[in-house]
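Please keep the structure in view while reading.

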Amino acid sequence: MDFRSGSELLALCRQEDCPISQVMRRRECVLGETTPDQIQRRMIRALEIMKQSATTPLRTAQPSMGGLIGGEARLLYQHAAQRQDLCGPMLQRAITYAMAVLEVNASMGLIVAAPTAGSSGVVPALLLSLQDHYGLSDQQLLDGLFNAGAVGYLAMRNATVAGAVGGCQAEVGVAAAMAASAAVELMGGKPEQCLDAASTVLMNMMGLVCDPVGGLVEYPCQSRNAAGVANALVAAELALSGVPQLIPFDEMLAAMYQLGRRLPAELRETALGGCAATPTACTRCVSCG
Amino acid sequence: MSFISVFDVLGPNMIGPSSSHTAGAAVIAGLARKLISPPLKQVDFTLYGSFCKTYQGHGTDRALLGGMLGFATDDVRIRDSFRIAGQQGLSFTFIPNETETDLHPNTVDIRMENAAGQVMTVRGVSLGGGKVKIVRINSVEVDFTGEYSALIVVHQDTPGVVAHVTSVLSQHQVNIAFMRLFRESRGQTAYSIIESDGILSGSIPGQLRDNPHIYDVMLVQS
């Protein structure tokens, strides 16, 4: 029960007549030499941490270690309460959660890397926002996490999820691809539609660089997590509507990886280019004084 | 290719903000502390590369000290590790080294001194995603990750020692995953590192020490 590519994953889903989440659960039990109960318990713990980190900053600002962020999620939460949000409740809540998780992360709080700490807001944000809006059960969210895990595993196996190797497209881009795929499964889409959505996200975030101000996981990382969840929603909506994706996930992943490796070093987490190299960012950077 | 678990993708559960600069730092220090007998009295961290530049904003300092206190990557006490170390009578310093740049960007040297006066220096590298490597113990270049249970045998570089080690391990039915010998120079001190799946019996170090050419044995359970 293993798969090395998106096409092999889809073949397994067809053969077993089951969703991506179930294939991923079975793979984990067989190759991880563990039981369904054990992986269920571990994923419940991950979901608990995700919920905690997505909601704590809505009321209590979490000042970051580097001093660049803190309090953004509360602002968004208060803005929504005034019923003047532009995004609509689903996306508004999703970006609030995404900002919140990064706030917790930057303040040395407890988070689940998904797939990395710098991109840890996207997957919980979309799943929890779906839960709020559609009344999904925790069990459904756990399925969503296993589905997201399958997409993230393929990215780790066949490409990269490190900003230092592939830029932000490999971190927030992959996180958003994972979230989009999970959302499609939870909203009743087929496995093919899940990977179409993941492919669309990678396409729409292709080339995004990693340029953290001061080299810290704060800015623009937090805002990019919010943008990532918006991208995930767009891609999931396209896929669920039946809009075809021309380029298969495996090819899009390979394109993302090739592009990432060709990014100049200044744009891969070194804080020497992009946002990090702007005059204002330089005045806020502790390490270069 | 080694197995990538769903919990490698959705994980680790960790104190932020960075899997390499925070979680990885805690893991390195956690491995280092297993190489010296407690209680520790003094620990000095020398930080290189990106660790040197960004350690405060990434909480690398708190994470290193937290790891030294035995905190796991998801232990919220990491944030308060300075205070807790003080309570436990552990002195610590952080020394940024900006001159040596020919190293992996996330490198730390940890000099530990225990109450008995024993001193050991360990060099660790954080590879990203919370994965780490120990690359030096005292002055000898080594290589282990802590992902497997590891037995580190310090011995004289002389014939027969490795045979003794493997014979003891086979008595304990240990299935060796990796075994490597590192030495400073021929005939001097050598480090044999044996990595194995599963837990290694606590009685192995005592039996190994029966050999007069073996100076020390450290056991790091996975």
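The two chains are joined by a pair of strands: β1(A) and strand β1 (residues 13-15) of chain B pair in the antiparallel sense over three bridges. Within this pairing, Ile111(A) has Met14(B) in β1(B) as its bridge partner. Strands count as paired if DSSP finds at least two bridges between them, and the elements themselves are DSSP runs numbered from the N terminus, with helices being H or I of at least four residues and strands being E of at least two. Strands of a sheet pair through backbone hydrogen bonds, either parallel or antiparallel.

This is a predicted model, in which local features need pLDDT of at least 70 and side-chain atom pairs count only at pLDDT 80 or more, while totals for chains, interfaces and linings use all residues. Residues are numbered from 1 along each chain as its sequence is written, and chains are lettered from A and ligands numbered from 1 in the order in which they are written. Chain B averages a pLDDT (the predictor's confidence in each residue, from 0 to 100) of 93, and 100% of its residues score at least 70. For the complex, the predictor gives an ipTM of 0.96 and a pTM of 0.92.

The contact between the chains takes 38 residues from chain A and 31 residues from chain B, where two residues are in contact if their C-beta atoms, placed from the backbone, lie within 7 Å. On the side of chain A that touches chain B, the elements giving two or more residues are α2 (20-31), α3 (36-59), α5 (89-106), β1 (110-112) and α7 (138-158) of chain A, and α7(A) gives the most, with seven residues. The residues of this side divide into 24 nonpolar, 10 polar and four charged.

Chain B is divided into domain 1 (6-138) and domain 2 (149-220), with bounds that come from an automatic or database domain assignment. Their centres, taken over C-alpha atoms, are separated by 26 Å, and the contact takes four residues from each of the two domains.

Chain B holds an open sheet of six strands in the order β3-β2-β4-β5-β6-β7, with mixed pairing. Because β3 (91-97) and β7 (140-144) of chain B stand at the edges with a single partner strand each, one side of each is left without a neighbour in the sheet. Neighbouring strands of this sheet are turned by 25° against each other on average, direction ignored. Within the sheet, Gly124(B) stands opposite Ile134(B) in β6(B).

An open sheet of four strands in chain B has the order β9-β10-β8-β11, with antiparallel pairing; its edge strands are β9 (176-183) and β11 (214-220) of chain B, each pairing on one side only. Here neighbouring strands are turned by 15° against each other on average, direction ignored. In β10(B), Ala190(B) is the bridge partner of Arg183(B).

| Helix of chain B | Strands of chain B | Angle |
|---|---|---|
| α2 (residues 19-33) | touches β2 (40-48), β4 (106-114), β5 and β6 | about 150° with β5(B) |
| α4 (residues 60-68) | lies across β2, β3 and β4 | about 145° to β2(B) |
| α6 (residues 161-171) | touches β8 (149-156), β9, β10 and β11 | about 25° with β10(B) |

Methods
Nonpolar A, V, L, I, M, F, W, Y, C, P; charged D, E, K, R; others polar. Axes fitted to C-alpha atoms, helices over the stretch in contact; angles between N-to-C directions.
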